[in-house]
Amino acid sequence: MVQLAGACLVQSCLLLLAGAGQSRGPSGREPAASCQLRGKQSELNSFLWTIKRDPPSYFFGTIHVPYTRVWDFIPENSKKAFQHSHIVYFELDLTDPYTISALTSCQLLPQGENLQDVLPRDIYRRLKRHLEYVKLMMPSWMTPDQRGKGLYADYLFNAIAGNWERKRPVWVMLMVNSLTEVDIKSRGVPVLDLYLAQEAERLRKQTGAVEKVEEQCHPLNGLNFSQVIFALNQTLLQQESLRAGSLQIPYTTEDLIKHYNCGDLNSIIFSHDTSQVPNFINATLPPHERITAQEIDNYFRQELIYKRNERMGKRVKDLLEEYPDKSFFFAFGAGGDQENSRGLLNG
């Protein structure tokens, strides 16, 4: 299961510019499809793991959706763990201006190059046509609540897609995959990670990050040119099919939110999270393209799951050993969080 939590976080924070043991975790005992969200909050499954030490520390699995969609369903034990922790750590430091500027520069083509210079002509034309469609439709996608907050379509389009001709193709692919009606309707409210970062700052907690910007950014720039062109083409094909009404995405953000609120980490839905990286492997691809899709999947799995989990787990372990008298609250993407906690607890 490929959990590209890092890729998601990179996109989210940029687009939002407008000796231990496991004591408790999500049981997954009730299928999310039957979860009615009617139980008492204290009875809901929790995406919280406790690291048994004195004082205790915690792993909390976040989700990259507006916090207002999930906050009421996060059990009190998770909120209390956050409140009582001395230090809060995230994947990246979302409140540091350097984070945003470094992520922005990481996306850009080398000086003097434009997307039109590097993309095949047909793909460039289709990309331009699709972005024109999005810009045309965006006013109708905006909600009255967004307009009431002074968030307007032109501003939002420029915040997300401005300067797109200077971006590397892989980042344009991620951008296109996030420019959907459902995604646009959610803009203007911080995602859960950012909300927790803002709350930690408000509560004057010490904060930090276990990753550097370059570690999240460079793996995405590491795909070779033919792989990136394949990925961008597949993303455009998917969006064009959605526009034509000939394709329906099997797992939506709404599905993801429901499963998260039901505490169902083990569901298949979490392999189709809001990472904005499409799943390119499907049975309709000709054999040679299926090989390319598998290569991309393997690359992301290696770079953004295995290597990343090992690196993050080591840094978490070092922090716990360096500050034995401090209680930490580690807030990482839910899919990767489970793997990281297992690795640390088993280490």
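## Burial and helix H13

A residue counts as buried when its relative accessible area is under 20%. By that cut-off, helix H13 (residues 253-261) has the buried residues Leu256, Ile257, His259, Tyr260 and Asn261. The model is predicted.

Gly263 follows H13. Its phi is positive, near 75°. Tyr260 comes up again below, at the second largest cavity.

## Overall make-up

The chain has 347 residues, and 52% of them count as buried. It holds 15 helices and 5 strands. The accessible surface comes to about 16200 Å². Carbon and sulfur atoms account for 50% of that surface.

## Helix H8

Helix H8 spans residues 169-178. Of its 10 residues, 10 are buried, so the helix is largely enclosed by the rest of the structure. The buried set runs through Pro169, Val170, Trp171, Val172 and Met173, then Leu174, Met175, Val176, Asn177 and Ser178.

## Nonpolar cores

The largest nonpolar core has 43 residues. Which of them touch the most other members? They are Leu119, Leu127, Met138, Met175, Leu179 and Ile184. Several helices supply at least two residues each to this core: helix H5 (121-141), helix H7 (153-161), H8, helix H11 (213-221), helix H12 (225-244) and helix H14 (287-322). A second, separate core has 32 residues, among them Val65, Ile74, Leu92 and Ala334.

Ile184 belongs to the largest core. Setting aside neighbours within four places in sequence, Ile184 is in contact with Met138, Trp141, Met142, Gln146, Leu156, Ile160 and Leu179.

## Second largest cavity

The second largest cavity holds about 50 Å³ of space. It is lined by 10 residues, and the closest to its centre are Phe47, Phe73, Ile74, Pro75 and Tyr260.

Tyr260 is one of the buried residues of H13.

## Buried contact sites

Ser78 sits in helix H2 (residues 76-84). Its relative accessible area is 2%, so Ser78 is buried. Not counting residues up to four places away in sequence, Ser78 touches Ser46, Leu48, Phe60 and Phe329.

Tyr89 lies in strand S3 (residues 87-90). Tyr89 is buried too, with a relative accessible area of 13%. Beyond neighbours within four places in sequence, its contacts include Gly208, Ala209 and Val210. Tyr89 also contacts Leu319, and then Phe328, Phe329, Phe330, Ala331 and Phe332.

Tyr89 and Ala197 are 108 residues apart along the chain. Their C-alpha atoms are separated by 8.7 Å.

Ile100 is placed in helix H3 (residues 97-107). It is buried, with a relative accessible area of 14%. What separates Ile100 from Val213 in sequence and in space? They are 113 residues apart in sequence and 8.9 Å apart in space, C-alpha to C-alpha.

## Backbone details in loops

The peptide bond from Asp54 to Pro55 is cis, with omega near 5°. Pro55 is in the loop between strand S1 (48-51) and strand S2 (57-62).

Two residues other than glycine have positive phi values. Asn163 has phi near 65° and is placed in the loop between H7 and H8. Arg204 has phi near 60° and is found in the loop between helix H10 (192-202) and strand S4 (206-209). Are these sites buried or exposed? Asn163 is partly exposed, with a relative accessible area of 48%. Arg204 is exposed, at 77%.

Key: Residues are numbered from 1 along each chain as its sequence is written. This is a predicted model: local features need pLDDT of at least 70, side-chain atom pairs count only at pLDDT 80 or more; totals for chains, interfaces and linings use all residues. Side-chain values use heavy atoms; hydrogens and water are left out. On a 1 Å grid over the protein atoms alone, a cavity is a set of points where a 1.4 Å probe fits but cannot get out, and a pocket is an open set with protein on both sides within 12 Å along at least five of seven lines; lining residues have an atom within 4 Å of a point. Grid points are joined across faces, edges and corners, and a volume is the space filled by probe spheres set on the points. Buried means under 20% relative accessible area, exposed over 50%, partly exposed in between (1.4 Å probe, protein chains only). Helices (H or I, at least four residues) and strands (E, at least two) are DSSP runs, numbered from the N terminus. Accessible areas come from the Shrake-Rupley method with a 1.4 Å probe; for residues, only the protein chains shown count as cover. A nonpolar core is a set of buried Ala, Val, Leu, Ile, Met, Phe, Trp, Tyr and Cys residues joined through side-chain atoms within 4.5 Å. Contact means heavy atoms within 4.5 Å.
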